Amino acid sequence: MKPLFPGPSSPMGPKRAIWPAVKNGLRGRCPKCGQGKIFTAYLKVADSCSVCGEELHHHRADDMPPYVTMFIAGHIMVACVLEAQEVFPEMPTWAEMTFWPLLAALLCLGLLPIVKGALIAYQWALRMHGFGPESADDKGFEPRRLESRRD
Ligand SMILES: [Zn+2]
């Protein structure tokens, strides 16, 4: 019988380097090989890498990419608005009401796939969710665990 949790008798496999994987993810590339693409569309994650076959559908990025994107974009926007008020103190209101929302939207749309790729690669490097061997995500839920508790 296989153990419920990873331990010395069931190693999770070799340690994965986090930073190289995240750098690949930032470029939208497979965290394992760095050549295949993570996304098949703007934010649609490929089921597996087209080059090395690494399964990518295990990711659980969920709401984290938008959260991190808004955090980064917000800090950039605040700095830009404050600087613009110093450089262009007479900027008309209509121009500000047009330019800043447009810039914020474009910044978020540009950052979102970058951030999502990096977070998926980070999950892969840490073997989170189904990225590790024999993950609970692959086995389904509970029947084996319930059987093993009876032993
Ligand atoms: Zn790959």
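Visitor: Is His129 buried, partly exposed or exposed?

Guide: The model is a predicted one. His129 lies in the loop between α3 and α4 (136–139). A residue is buried if 20 or more other C-beta atoms lie within 10 Å of its own, and exposed if 12 or fewer do. His129 has 17 other C-beta atoms within 10 Å, and therefore the class is partly exposed.

Visitor: Is Asp62 buried or exposed?

Guide: Asp62 is placed in the loop between α1 (18–26) and α2. Although not a glycine, Asp62 has a positive phi of about 50°. Because 9 other C-beta atoms lie within 10 Å of Asp62, this residue is exposed.

Visitor: How many helices does the chain have?

Guide: From the N terminus on, the order of elements is α-α-α-α-α. The chain has zero strands, and its number of helices is five.

Visitor: Which residues does Ile120 contact outside its sequence neighbourhood?

Guide: Ile120 is among the core residues that touch the most other members. Once its neighbours within four places in sequence are left aside, the contacts of Ile120 are Gly25, Ile38, Val45, Leu56, His59 and Ala61.

Visitor: How is α1 oriented relative to α3: roughly parallel, roughly antiparallel, roughly perpendicular or oblique?

Guide: The axes of α1 and α3 are 7 Å apart, and the two helices pack at an angle of about 150°. An angle over 145 degrees counts as roughly antiparallel. Therefore α1 is, relative to α3, roughly antiparallel.

Visitor: How many nonpolar residues are there in the contact of α1 with α3?

Guide: On the α1 side, the contact includes Ile18, Ala21 and Val22, while the α3 side includes Ile114, Gly117 and Ala118. By class, the contact has no charged residues, three polar ones, and a nonpolar count of 11.

Visitor: How is α2 oriented relative to α3: roughly parallel, roughly antiparallel, roughly perpendicular or oblique?

Guide: Helix α2 (residues 64–87) and α3 have axes that come within 8 Å and cross at roughly 140°. Roughly antiparallel requires an angle over 145 degrees, and roughly perpendicular covers 65 to 115. The orientation of α2 to α3 is therefore oblique.

Visitor: What is the handedness of the crossing where α2 passes α3?

Guide: Residues of α2 including Met64, Pro65 and Val68 take part in the meeting with α3, where Trp100, Leu111 and Lys116 are among the partners. This contact has 18 nonpolar, one polar and one charged residues. The crossing of α2 past α3 is right-handed.

Visitor: Is Lys116 buried or exposed?

Guide: Lys116 is in helix α3. Not counting residues up to four places away in sequence, Lys116 touches Leu43, Ala61 and Pro65. Because Lys116 has 24 C-beta neighbours inside 10 Å, it counts as buried.

Visitor: How far apart in space are Lys116 and Gly25, C-alpha to C-alpha?

Guide: In sequence, 91 residues separate Lys116 and Gly25. In space, the C-alpha to C-alpha distance between Lys116 and Gly25 is 7.8 Å.

How values were computed
Residues numbered from 1 in each chain as written. Predicted model: local features only at pLDDT ≥ 70, side-chain atom pairs only at ≥ 80, totals over all residues. Core = buried A, V, L, I, M, F, W, Y, C linked by C-beta atoms within 7 Å. Contact = placed C-beta atoms within 7 Å. Axes fitted to C-alpha atoms, helices over the stretch in contact; angles between N-to-C directions. Helix = DSSP H or I, 4+ residues; strand = E, 2+ residues; numbered from the N terminus. Parallel < 35°, antiparallel > 145°, perpendicular 65-115°, else oblique. Left-handed = near helix turned anticlockwise from the far one by under 90°. Nonpolar A, V, L, I, M, F, W, Y, C, P; charged D, E, K, R; others polar.
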